[in-house]
Amino acid sequence: MIMSVTQLISKQIPGRACLGGEESHSLADASKARDDPHPSPLMQHHQEPLMNLSELNISDLITEYLHGPQLLCEAVAGMTKDEAVARPISGKWSTLEVVAHLADFEPVYADRMKRTLAENEPTLFGGDPDKFAARLAYHDRNLESELKLIDIVRQQMATILRTVPAADFERVGRHSEAGPLTLRTFLERITGHIPHHLPFIAEKRRALTETLSR
Ligand code: NI
């Protein structure tokens, strides 16, 4: 039986107890994170999906899209709040900052896909991940809520995408920086987004373990 992400979250992350108390974490040193792992603007960073998503048929691509939240949940399972906000790799984001970044761009991409479907070549605006990370309280975010947000956005969007005729995946939205992009391209990019960031989370967890065992 495949567990839902909500079931996985409740099974693997013992909620607030695991995430620590009501500590607040200053983002005063957010400037250190500026170069991780994103060259700005966002679109440059997302042009090369790690997986060969371009070879998948639409149905399998939507399945991969739906599978992403589970991968992310597994990647952060069991982390304490202190571990989630640690920046063990110099100059790079914390795990919570990565998860908050992923969560922030889920509704952005869903909105791009919705507009591309509903409107005639809509203009779509880019966003600078580093500005979001510096100003949007990433270390005050709740890891579990961020995971749930990603999952629920993808469930809603997948429900829509499953009804879309194949030809409509060639509909175009006009990105303010990257120019015209198809619905299929938006879906490939957001599907590749979580897998892109997973090695960075694993790298942080390894570094945390090494620090502890020293
Ligand atoms: Ni990213």
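Me: Which residues have the most contacts inside the largest nonpolar core?

Reply: The model is a predicted one. Its largest nonpolar core has 35 residues. At least two residues of this core come from each of α4 (58-76), α5 (81-85), α6 (95-118), α8 (143-161) and α9 (183-213). The residues with the most contacts inside the core are Leu72, Val76, Leu96, Val99, Leu102, Ile150 and Leu187.

Me: Which element supplies the largest share of this core?

Reply: In general, nonpolar side chains of soluble globular proteins tend to be buried together. Here the core has 35 residues, and its largest share amounts to 9 residues. The element that supplies this share is α6.

Me: Which residues does isoleucine 150 touch, not counting residues up to four places away in sequence?

Reply: Isoleucine 150 is among the residues with the most contacts inside the largest nonpolar core. It also belongs to the residues of α8 that meet α4. With residues up to four places away in sequence left out, the residues touched by isoleucine 150 are Pro69, Leu72, Leu102, Ala103 and Glu106.

Me: What pattern does the chain follow when read along the sequence?

Reply: The chain contains 9 helices and 3 strands. Of its 214 residues, 34% count as buried. Among contacts with a separation of 6 or more, 85% join residues 24 or more positions apart. Along the sequence, the pattern is α-α-α-α-α-α-β-α-α-β-β-α.

Me: At what angle do the axes of α6 and α9 cross, and are the helices roughly parallel or roughly antiparallel?

Reply: The axes of α6 and α9 come within 10 Å and cross at roughly 175 degrees. Angles over 145 degrees count as roughly antiparallel. The crossing of roughly 175 degrees therefore makes α6, relative to α9, roughly antiparallel.

Me: How many nonpolar residues does the contact of α6 with α9 have?

Reply: On the α6 side, the contact includes Leu102, Phe105 and Met113, and on the α9 side it includes Phe186, Leu187 and Ile190. By class, the contact of α6 with α9 has 4 polar and 2 charged residues. The number of nonpolar residues in this contact is 13.

Me: How far apart are the axes of α4 and α8?

Reply: α4 and α8 pack at an angle of about 170 degrees, and are therefore roughly antiparallel to each other. Among the residues of α4 in this contact are Ile62, Leu66, Pro69 and Leu72, which meet residues of α8 including Leu147, Ile150 and Ala158. By class, the contact has 12 nonpolar, 1 polar and 2 charged residues. The distance between the axes of α4 and α8 is 9 Å.

Me: Which strands stand at the edges of the sheet?

Reply: The 3 strands form an open sheet with mixed pairing, in the order β1-β2-β3. Each edge strand has a single partner strand, so one side of each is left without a neighbour in the sheet. The strands at the edges are β1 (123-124) and β3 (179-182).

Me: What is the bridge partner of glycine 173 in β3?

Reply: Strand β2 (residues 172-175) pairs with β3 in the antiparallel sense over 4 bridges. A hairpin joins β2 to β3 through 3 residues. In β3, the bridge partner of glycine 173 is leucine 181.

Me: At about what angle does α9 run to β3?

Reply: α6 packs on the sheet, touching β1 and β2, and its direction makes about 125 degrees with that of β2. α9 lies across β2 and β3. The angle at which α9 runs to β3 is about 80 degrees.

Me: What is the phi of alanine 137?

Reply: Most residues other than glycine have a negative phi. Alanine 137, in the loop between α7 (129-135) and α8, has a positive phi although it is not a glycine. Alanine 137 is also exposed, with 11 other C-beta atoms within 10 Å. The phi of alanine 137 is about 55 degrees.

Note on methods: Residues are numbered from 1 along each chain as its sequence is written. This is a predicted model: local features need pLDDT of at least 70, side-chain atom pairs count only at pLDDT 80 or more; totals for chains, interfaces and linings use all residues. A nonpolar core is a set of buried Ala, Val, Leu, Ile, Met, Phe, Trp, Tyr and Cys residues joined through C-beta atoms within 7 Å. A residue is buried if 20 or more other C-beta atoms lie within 10 Å of its own, exposed if 12 or fewer, and partly exposed in between; C-beta atoms are placed from the backbone. Two residues are in contact if their C-beta atoms, placed from the backbone, lie within 7 Å. Axes are lines fitted to C-alpha atoms, for helices over the stretch in contact, and angles run from 0 to 180 degrees between N-to-C directions. Angles under 35 degrees count as roughly parallel, over 145 as roughly antiparallel, 65 to 115 as roughly perpendicular and the rest as oblique. Ala, Val, Leu, Ile, Met, Phe, Trp, Tyr, Cys and Pro count as nonpolar, Asp, Glu, Lys and Arg as charged, and the others, Gly among them, as polar. Two strands pair if DSSP finds at least two bridges between them.
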